[in-house]
Amino acid sequence: MQQRILTVTQLNEYVGNLLNGDPILRALRVQGELSGFKRHSSGHMYFQLKDENAVLRCVMFRSAAQTVRFQPQDGMKVVVDGYASLYTKDGQFQLYAQAMQKDGEGELYQRFLLLKTKLEAMGYFDPARKRPIPFLPRKVGVVTSGTGAALQDILQIIRRRFPNMEVVICPVLVQGAGAAADIAKGIRALNDYGGVSVLIVGRGGGSMEDLWAFNEPEAVKAVFESRIPVISAVGHETDITLSDFTADLRAPTPSAAAELAVPAYDALLQRVDELASERLLRALERSLMVRRERVTLLLRARGFSAAAHRAALERKRLEHFVKKLEDSGRSALLRRRTGAEDLLHRLNALSPGAVLDRGYAIVTDGEGRILHNTSAMDVGMPVVLHMNDGAAAARVERVTAANPPQKGEQHEQRNHTPGRAV
Amino acid sequence: MSKEIIPQDAPFEALMEELESIVQKLEGGNSPLEEMVALYERGAALGKRCMELLDSYEGRLTTINRPEDQE
């Protein structure tokens, strides 16, 4: 019987398949000291795990490496989760790492998972419970360390965005014994303070142990029970605590929490000003302009008597409007009110009704044509006198051409009513 | 409509939303004059309230006692 000859590839693949079929090697947790740690530009991490007697080659691919919440260093004691297999290209046995924790945090992490399951079951993380963060808070409450950089970051951002925002700070312990109870009391104290419309609860970055108070049920419960919406800001982007899961909104950093809590004053002011002072008035002016044109058109297109009547009516409406404008004009928003008044004055000047109101009459012949001067008049001719409140039929008794015609022209110009005699 | 009082506790964003819709309606320009005047008045009142709200802050920074000290 002849010995079967294998290629190197066949052998390595055979061993690899053997290892892959082993249930223990498929899900491992290995404890050891980091050595030869390298982070490749691709994002993958290569290192060895060792103890006194042995070394194990490990690789951690980028997607898994991104979940590591500390900077691994040679000599560090860690616990790695993953599976072991053969790298068939060089026949090397290696561990494919999927998670890495500092030794000692593993236990803490287990507690974290346990608590997370428990609180989740109690509905703490229910997305349906999350309340919207008010757009413009009355007062911002801050629960954090009175001495930490996080507080300074938060205050700086708030002052920059909205210099006059009211801020109420309740300084608390954020780590160590009693911190969770302190955080809970701080949250309740600000709930009872009055007028606070959003809370920022958090601290700067640290190890899982440093952040632990924000995982403790006492603190998380206070976040859950807060009547005021809570923005959590615990640690950095990659640190997640149970307070973060429970809060109405999670901010990646304390600075980001301040950005989310407070709008930018200048932008709001500009928006209000643009809407209320500019666009509102401009829209109204434009519609008045349209109406002025309508008055002019009426005068041109229809019988004069009817037009004068309509113009007078229109003018009454506009006058009424000016009055209302002035009534509401005490607002600081109406800085441009004079512009609107100008417009109305000009509009009035165009309206024959305004002229009639001053005691003048417009004279037309029997067919409604305006009579500009006496040359168009004969004794006995029927005319109509249009007054501000109606018209009177009359007859010419005597014609005396006493005034030089250009005087009448000046008169017309002064009143800005070209083409209409008075 | 213009006579409707703006609720004292109306949130800023609700005021802005209404103001925005009024401006859009006015810009449409199809309403009768009385309605446009009413819209304008309502808009001006809303804008005034928004300004008042924005300027009603005094920049107070209050530190309340650490909870232990209260008990």
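Chain A exposes about 23000 Å² of surface, and 52% of that comes from carbon and sulfur atoms. Accessible areas here come from the Shrake-Rupley method with a 1.4 Å probe, and for residues only the protein chains shown count as cover.

A word on the ground rules. This is a predicted model: local features need pLDDT of at least 70, side-chain atom pairs count only at pLDDT 80 or more, and totals for chains, interfaces and linings use all residues. Side-chain values use heavy atoms, without hydrogens and water, residues are numbered from 1 along each chain as its sequence is written, and chains are lettered from A and ligands numbered from 1 in the order in which they are written.

Back to chain A. It has 14 helices and 13 strands. Those are DSSP runs, numbered from the N terminus: helices are H or I with at least four residues, strands are E with at least two. Of its 422 residues, 43% are buried. Buried means under 20% relative accessible area (1.4 Å probe, protein chains only). Take the contacts in chain A with a separation of 6 or more: 62% join residues 24 or more positions apart. Contact means heavy atoms within 4.5 Å.

Now one helix pair. In chain A, the axes of helix 5 (residues 149-161) and helix 9 (residues 254-261) come within 8 Å and cross at roughly 30°. Axes are lines fitted to C-alpha atoms, for helices over the stretch in contact, and angles run from 0 to 180 degrees between N-to-C directions. Helix 5 of chain A and helix 9 of chain A are therefore roughly parallel. That label covers angles under 35 degrees; over 145 is roughly antiparallel. Among the residues that meet are Ile154(A) and Ile157(A) of helix 5 and Ala258(A) of helix 9.

On to chain B. What is its pattern along the sequence? Chain B reads α-α-β-α. That comes to three helices and one strand. Chain B has 71 residues, 42% of them buried. Its accessible surface is about 3900 Å², with 48% belonging to carbon and sulfur atoms.

Last stop: two helices of chain B. Helix 1 (residues 12-28) of chain B packs against helix 2 (residues 33-54) of chain B at about 150°, with axes 9 Å apart. So helix 1 of chain B and helix 2 of chain B are roughly antiparallel. Their contact includes Phe12(B) and Leu19(B) of helix 1 and Leu46(B) and Cys50(B) of helix 2.

Technical notes: Angles under 35 degrees count as roughly parallel, over 145 as roughly antiparallel, 65 to 115 as roughly perpendicular and the rest as oblique. Buried means under 20% relative accessible area, exposed over 50%, partly exposed in between (1.4 Å probe, protein chains only).
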